Amino acid sequence: MAKLVLIDGEGVADLSDGTHWCIAFDQLPQTQRWLNGAEISVTLQLRGSMWPYALTHQLTGQAVCASALRGQAPQCTLTD
């Protein structure tokens with residue numbers, strides 16, 4: 001689990017572990033209340049998903065779909 005550093009205007013989330021995530025554009029409004037420093041978990045979604053990862057705000061349980069930037073292949077748990 002990592003802390004949210006920033007979500008930029010293009011929908012890229014930077015986490016404290018050095019990873020960068022492109023959030024699904026239609027789900028960006030859900031992140032408007034996510035404060036920098038919030039605990040975020042990253043999970044791998046089922047194979048074949050357009051967005052292979054989910055970023056989950058640990059305090060609220062709110063999740064958004066995302067893809068890893070720059071060829072990252074982080075270690076994640078698989079969700080159902």
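Residues are classed by relative accessible area: buried means under 20%, exposed over 50%, and partly exposed in between (1.4 Å probe, protein chains only). The model is predicted, so local features need pLDDT of at least 70 and side-chain atom pairs count only at pLDDT 80 or more, while totals for chains, interfaces and linings use all residues. Numbering starts from 1 along each chain as its sequence is written, and side-chain values use heavy atoms, with hydrogens and water left out.

Gln-30 is partly exposed, because its relative accessible area is 32%. Gln-30 sits in the loop between E3 and E4. Strands (E, at least two residues) are DSSP runs, numbered from the N terminus. Beyond its neighbours within four places in sequence, Gln-30 is in contact (heavy atoms within 4.5 Å) with Gln-62, Ala-63 and Val-64.

Gln-27 is found in the loop between strand E3 (20-23) and strand E4 (39-44). Gln-27 is buried, because its relative accessible area is 16%. Residues up to four places away aside, Gln-27 touches Ala-63, Val-64 and Cys-65. The Gln-27 side chain also reaches the backbone nitrogen of Cys-65, at 2.6 Å.

Gly-61 belongs to another loop, between strand E5 (53-57) and strand E6 (63-68). Its relative accessible area is 49%, so Gly-61 is partly exposed. Gly-61 and Ile-40 are 21 residues apart along the chain, and their C-alpha atoms are separated by 9.5 Å.

Terms used: Helix = DSSP H or I, 4+ residues; strand = E, 2+ residues; numbered from the N terminus. Polar contact = N/O pair within 3.5 Å; in protein donor to acceptor, adjacent residues only side chain to side chain.
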